[in-house]
Amino acid sequence: MTDATAHTMPGEAPAYPMLRSGISHAVLMAVSFVMLYPILWMLAGSLRPADDLFGGNTSLIPSQVTVEAYKDGWFGLQISFGKFFLNSLIIATLATIGNVLAASLAAFAFTRLQFRGKAVWFALMLGTLMLPYHVTLIPQYILFLELGWVNTWLPLILPKYFAVDAFFIFLMVQFFRGIPKELDEAAMMDGCSPWRIYTRIMLPLSLPVLATAAIFSFIWTWEDFFGPLIYISDTGLYTVQLALRSFIDSSGSTNWNALFAMSVLSLIPIFLIFLFFQRLLIEGIATTGMKR
Amino acid sequence: METASTEWEEGRRPASRFSEALRRNLPGYLFLSPWLIGFFCLTIGPALGSLYLSFTDYDLLSSPRFVGVANYVRMATADPNFGAAMKVTFLYVALSVPLKLAFALGVAMMLNRGLRGLPIYRAIFYLPSLLGASVAIAVLWRQLFAADGLVNDLLWTFGIEGPSWISNPNYSLYTLVILSVWQFGSPMIIFLAGLRQIPHDMYEAASMDGASKRRQFFRITLPLLTPVIFFNLVIQTIDAFKAFTPAFIVSGGTGGPVNSTLFYTLYLYQEAFGYFRMGYASALAWVLVAIIAAFTALSFLSTKYWVHYDD
């Protein structure tokens, strides 16, 4: 890409491409530093001794590195954080499988199968994209209460197997439309059933979008606070996010570096996903305009 | 022979039509069935249910008592907390969304100059968007802006004694606005994708004609980017109306101090799951829908005045 500054006209200030890009880099690095500073400060705080956290400690390098805060935090509630991590992992994994499965089935129906009323259903599906979940929240809660599912993980997992998050359907419809129809038409001619076309042709060809949906689904479930807050009350069933919240209440302002330590741990799975799947995440956002 | 055969065919036709229709439609409906069940049992059914509940008084213990529009009347006339929540939420939306988008656009334009290291910068700026919704970041924010937090420690090195930002009603909301702006990464990525679509020769032609950089920005970049700005504006505004976790964690679930962080969704949560006023909370939910729908409709109506489409 040629730099636009190379084409300056007479009368304008003389262009110094090196200087200009130097200034840009300086500004961008400054912004990067400000953006990352809080996160790094939290990381540094979690590695400091307890009596060293506050009181003028703005530096990012602890005077003394210790994992004491991690030990304190890990056993900071009656149940160890290992349990909460396991809980979150199970919920996020099962929810992710549900989202990908149910959304891909619906997207396959919308893009590849002919049936009466398809246009109406599709419009209704798009309509639910705009509907804030707050309007379904209370009756859903009452429904799950009647079923005896409050204070279990079912309300956090089961709805995903019914594709309630229409966003993932929309995402997959966009992708499926780009796969040439000749492939499955030929398979149909050869007598392939829709199920075989779905499992043998569509899914293998859609790995990028399935991965994108899985990654976002996992991150969103992992970070979800509202759902567990409403449905889970047993400490043994807590997710990491809920455990962090009750850790704030139990430790008050006394044990901040243990709280920081557990906060850092809770971000690690997302950070790892970010490291390994950054390209998928960024393409997912750029092409569909996902909110996060 | 002939008549017999047609009679026989006519007799068979309805059944065959039915099986034919079944054969044609069944696979589609089978594939769609998980979504259909979810749509009826978990989306549209509950949505209609909450619309009904919004006209009732319901505490989960006794059955819902129909009260007409009393919940809506109470909201409009007799609930100071509702007014506070509306004020806080609109202020939050009005401040955080434009600031976030301006920041996202500014940084995207800098990155779009063909600088080296674009992927690294983009990754760094995007990371907060990805982490920002988690409790950990809200915890961090609480500590950044506490009386003895990082911000005040930094100010102290300049000899300034800062207030306790999160426990001062004059400042607490602004700490949440900063948290939202900090997550400018995802609209930035969308802006970057939009900027890439603008043909480079437009700028070349413009500078040949002697248009200044400033003029090029206002006459080329901004108009051609309006569809992307519109998109980001709608998405980010809807999202800002629905913000919950940061306010909950920073205020310890109260929306305080003095209701200064009482986000609409936090108020709804308190009414529903703190006081078990399910009818009133349902009415709150439907008012939120109305607000979001009105905003979206107005945005779409406004597009003809400022959004530039190619065709």
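This passage describes the chain fold, the chain contact and selected local features of a predicted model.

Local features are reported only at pLDDT of at least 70 and side-chain atom pairs only at pLDDT 80 or more, while totals for chains, interfaces and linings use all residues. Residues are numbered from 1 along each chain as its sequence is written, and chains are lettered from A and ligands numbered from 1 in the order in which they are written.

Chain A contains 13 helices and 0 strands. Helices (H or I, at least four residues) and strands (E, at least two) are DSSP runs, numbered from the N terminus. Along the sequence, the pattern of chain A reads α-α-α-α-α-α-α-α-α-α-α-α-α. Chain A has 292 residues, of which 40% count as buried. A residue is buried if 20 or more other C-beta atoms lie within 10 Å of its own, exposed if 12 or fewer, and partly exposed in between, with C-beta atoms placed from the backbone. Contacts in chain A were also sorted by separation in sequence. Among those between residues at least 6 apart, 72% join residues at least 24 apart. Two residues are in contact if their C-beta atoms, placed from the backbone, lie within 7 Å.

Chain A is divided into domain 1 (18–66) and domain 2 (81–288). These bounds come from an automatic or database domain assignment. The centres of the two domains of chain A, taken over C-alpha atoms, are separated by 33 Å. Domain 1 of chain A gives 7 residues to the contact, and domain 2 of chain A gives 6 residues. On the side of domain 1 of chain A that touches domain 2, there are 4 nonpolar, 2 polar and 1 charged residues. Here Ala, Val, Leu, Ile, Met, Phe, Trp, Tyr, Cys and Pro count as nonpolar, Asp, Glu, Lys and Arg as charged, and the others, Gly among them, as polar.

Phe33(A) lies in helix H1 (residues 17–47) of chain A. Phe33(A) is exposed, because it has 11 other C-beta atoms within 10 Å. Between Phe33(A) and Ala107(A) there are 74 residues of sequence separation and 42 Å in space, C-alpha to C-alpha.

The two chains touch. In this contact, 76 residues of chain A meet 78 residues of chain B. Several helices of chain A give two or more residues to that side, among them H1, helix H3 (81–112), helix H4 (118–130) and helix H13 (256–288). H1(A) gives the most, with 12 residues. The side of chain A that touches chain B divides into 50 nonpolar, 19 polar and 7 charged residues.

Helix packing was examined in chain B. Two packed helices are described by the angle between their axes and the distance between the axes. Axes are lines fitted to C-alpha atoms, for helices over the stretch in contact, and angles run from 0 to 180 degrees between N-to-C directions. Helix H10 (residues 213–241) and helix H13 (residues 278–306) of chain B have axes that come within 11 Å and cross at roughly 170 degrees. H10(B) and H13(B) are therefore roughly antiparallel. Angles under 35 degrees count as roughly parallel, over 145 as roughly antiparallel, 65 to 115 as roughly perpendicular and the rest as oblique. In H10(B), the residues that meet H13(B) include Phe230(B), Leu233(B) and Phe241(B). Their partners in H13(B) include Leu288(B), Phe295(B) and Trp306(B). This contact has 10 nonpolar, 5 polar and no charged residues.

H10(B) also packs against helix H8 (residues 185–196) of chain B, with axes that come within 9 Å and cross at roughly 165 degrees. H8(B) and H10(B) are therefore roughly antiparallel as well. Pro187(B), Ile190(B), Phe191(B), Gly194(B) and Leu195(B) in H8(B) face Leu225(B), Val228(B), Phe231(B), Asn232(B) and Gln236(B) in H10(B) across the contact. By class, 7 residues are nonpolar, 3 are polar and none is charged.

The peptide bond from Gly256(B) to Pro257(B) is cis, with omega near -5 degrees. Pro257(B) sits in the loop between helix H11 (245–250) and helix H12 (264–274) of chain B. Asn259(B) is in the loop between H11 and H12 of chain B. Phi of Asn259(B) is positive, near 60 degrees, in a residue other than glycine. Asn259(B) is partly exposed, because 19 other C-beta atoms lie within 10 Å. In chain A, phi of Ala163(A) is positive, near 50 degrees. Ala163(A) is in the loop between helix H6 (154–157) and helix H7 (166–176) of chain A. With 31 other C-beta atoms within 10 Å, Ala163(A) is buried.
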